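Dear colleague,

Please find below the sequence and structure that I am handing over to you. My findings follow directly after them.

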Amino acid sequence: MAKTYRPRIPKPFRIPRRMAAQAEAMRFGWLTPDVLSIVAGALIAAVAPLDRLDYVARGLTASALADAAPSAQVLLVTASPEALREGLCERSLPGLLERGRARGALLIPPADAFCGGGAPSRGGATSAAGAAPVVRMPPELLRLSGGDVVGFFPLAAGERAPELGALGVSAAPWVLKKAPQSVPAVSLRDLADGQVPASALEGRVAVVAVGAGGVAPQAVATSALPPARGVAAVLGGLLDGGRRASAPAWVPALFVLLAGGLVRTARRRYGSLVATAALFLGVFALAAGQGVLAARAEASLIALPSALFGLAVAFAGVMIVRGLVVQRSVDRAAELIQRAALFRMQGVHTLPDEEFWPRVARLAEQAHPADLVLVAELPAGSWHLRFWNDRQGGGESLVAELRRDVRRPPYSSEQGVPAIRLSRRFLAKQDMPAVVVPLIAFGEIEGYVFFCGPVAEQTFSREPERAEHVGRELALLLRRKRLARTAQAGAGEARGGGSPEDDLVEGARVALDDLQLFGSMLRSAPVGLLYADAFGDVRFVAPEFAKWLRARDVTVPAESASAALPPGSLTLGDVLGATAASDAAVSLSSVMASDDGIELSVSAPEPAVLSVRPLRRESDGSSWIAGYVAALIPVQQAAPVSDNVRPLAVRDAADPLCAFQLGDVVADAVASAARATGRAVRLEPIRGATHALGHRGELEQVLEAFLTDVAGRGLPGHGPVVSVREAPQGVQLSILDVGFGLGLPESALQRVLTAPGSAPAGLEPLGRLIVAVEDSHGHAELKTNDGWGITLTVTLLRAHPRAFVSANEGGKPAAQQNVIAIGRAGPK
């Protein structure tokens, strides 16, 4: 037998076969969350779980599509109660139906009790064979929605079923009824008196109901009692072909599938805004389609709320679920980018000139007092300056010197040597002097800084070394920027253009510099930190430090998610100015001139020491200030306290001085004392409103403790008697205690009144009560009664009720404008 040999493909070149799990995964890969949500929405629309809302919506749809054409099948006949009691309906209705050749009469309760309808006889309520049927409408036959008749329930097998069927009343869940004004209506008395011809009943069903008498003919229809108007309108619509029923379950489900697919396609191709517009388009199409279908087809009433709920579920899956994932990713990426931008403090060469030079001017203004600060840039390979200013939007227009050659005065001396000097004709304002400071680093001029104004002149004459310190540090900052940009430009030319890898390496280098800087800061800071970058802008402030600044009326912006402040929101000069010391002691130049920094003593709100020091970096044999760190060190002052001195208690800030009703406080204290001691504490009827002013919380506690102590000390059957009343001096509380005053000397009372905080043993509750009363700006009196114990009288300031207008959540008066609600000014 011949054998067939197939070449064997080496393993490295074989194409792997798809495994069964991968095939299954690809087969069901279309089951994404948005597709599943659309299917779930379609199932919800088919099941229609919102049964009650769907029922109401169908009734509202049927009522909204009411036919306004006059009804030729129904006539509403109203009879006044007087006419019914006279028997007019029973006498005249059969003859009117026969003369008018009416289809029959439908009696609406309570008219059936006066018209002879509903008699238990063969043939229902008809009077003779072949005559028009007169049938009573059973109330349980009516299908109501929102208090209005929308259709009829199925007819029960009974005596009236054939007659009701003869009148056209049949099972119809919902009916496109006639509009109430389109149903003709006449008065039974007008028909009986011949004012309305009996031919008006020809071929119609007379709906007989109770109505008001003596009304105008055009108001006869509205005078009928409900549900007569609804029955006539629904019966007229039913006889004209307005029967409606529920649509099949697949109709709303199919609509949700189509609308969900439209939203999903719009979301994927055009974005969220177009998808939302597609959703509103689908809702509009659903409402419009419901109206068009309901007006033409019988089985056309959709479960509208369930369909909308299913569409909302589909929209949530397509939009919200996917949008939440995307938004979360975008937020996290934006947060990382924001953190990187806020903490990028060492890359000064990456700042554009429009941001770099104004920040240099702001730094110079913090370091040296001046009315105006200008910074001049000396471009590479040029001898002419370019001026910058932070506040006037640019400094070119402020300079009157047209010759901007740095080799000539006032930029250099007569010998061409750059040096610090005072110039009086440099600015456009001839009377404003300017201190010209060249920024020289390693023998090269990097630029100039100009401190202008009388303040700068006085500072320069008093402390010339300050301008020198500032100039040296600014020159090093400018040199670092220039060298870094030169190196970056040279590297870019050598590479022939930047690349993503180069940008990543540059970002990593900047991040490494920042980490090294913060490592220096953490090692140098003694306690809680405040960090400012090389421009003097505070970039990080600890919570305690921020609290101290706010206590000194310094505006501290809210921290970002990364606990960093944006540049320019808070400067180190603002922090040093908050110490309220002399300019020479708290200037930024003092910090620049000292490697160890400065320390300032502050007293408010708590004694502390503010330590500020520069952070220096060294490279290529030079050092420059890369930032500043400050620490607020609290000082613990241990004051010796004698053993016989007791400190005063500090009042709780949660118990402010407020207005309250003293009678309520006393009643609660009396009840608590009675429960605690098990003895009777008598409370006299309260006289007056007893609105008082004081610290309610403290008074409640001490009064309850005092009454509990007094009731426990009293003799059985002789508990304290408490009374509250309005007096000319204020609101008075009197406590008459019989048992507490037995054997109490007069000196003890005097001691409690004089020093309530150091009351004798056993009288501490009384002392605390007197202290609380005095804290509430009241006063207390003790009187001894021979044989009747002691009477304690407490007088508090009277508080008058305040009138105010009750307002709702929107800030507007809840009641009418001329209604004023009277309420208490303070808590009860």
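Strand 14 (residues 434-441) is mostly covered in this predicted model, with seven of its eight residues buried. Here, buried means under 20% relative accessible area, exposed means over 50%, and partly exposed lies in between, computed with a 1.4 Å probe on protein chains only. Helices (H or I, at least four residues) and strands (E, at least two) are DSSP runs, numbered from the N terminus.

Strand 14 has two antiparallel partners, where pairing requires that DSSP finds at least two bridges between the strands. Strand 13 (residues 421-423) is joined to strand 14 by three bridges, and Arg421 stands opposite Val436. Strand 15 (residues 444-452) pairs with strand 14 over eight bridges, and there the bridge partner of Val436 is Phe450. The hairpin of strand 14 and strand 15 has two residues between the strands, and Phe442 takes a positive phi near 55 degrees in this hairpin.

As to the conventions, residues are numbered from 1 along each chain as its sequence is written, and side-chain values use heavy atoms, with hydrogens and water left out. Because this is a predicted model, local features need pLDDT of at least 70 and side-chain atom pairs count only at pLDDT 80 or more, whereas totals for chains, interfaces and linings use all residues.

The overall figures are as follows. The protein has 25 helices and 29 strands, and buried residues make up 42% of its 828 residues. Among contacts (heavy atoms within 4.5 Å) between residues at least 6 apart in sequence, 68% join residues at least 24 apart.

Five strands form an open sheet in the order 3-2-8-1-7, with parallel pairing. Its edge strands are strand 3 (134-136) and strand 7 (185-187), each of which pairs on one side only. From one strand to the next, the twist averages 25 degrees. Axes are lines fitted to C-alpha atoms, for helices over the stretch in contact, and angles run from 0 to 180 degrees between N-to-C directions. Within this sheet, four bridges join strand 2 to strand 8 (residues 205-210), and Ala105 has Ala206 in strand 8 as its bridge partner. Helix 5 (residues 88-99) lies across strand 2, strand 3 and strand 8 and runs at about 145 degrees to strand 2.

Ser187 is found in strand 7 and is buried, with a relative accessible area of 18%. Leaving aside neighbours within four places in sequence, Ser187 is in contact with Thr78 and Val220. Gly230, in helix 10 (residues 228-239), is also buried, at 12% relative accessible area. Not counting residues up to four places away in sequence, Gly230 touches Asp148 and Val149. Gly230 and Leu142 are 88 residues apart in sequence, and their C-alpha atoms are 9.7 Å apart in space.

Most residues other than glycine have a negative phi, and most peptide bonds are trans. A cis peptide bond, with omega about 10 degrees, joins Pro109 and Pro110; Pro110 is placed in the loop between strand 2 (104-107) and helix 6 (112-115). Ala48 is not a glycine, yet has a positive phi of about 55 degrees. Ala48 is in the loop between helix 2 (33-47) and helix 3 (51-64) and counts as partly exposed, at 22% relative accessibility. Thr690 likewise has a positive phi of about 55 degrees, in the loop between strand 22 (682-683) and strand 23 (691-694). At 0% relative accessibility, Thr690 counts as buried.

With kind regards
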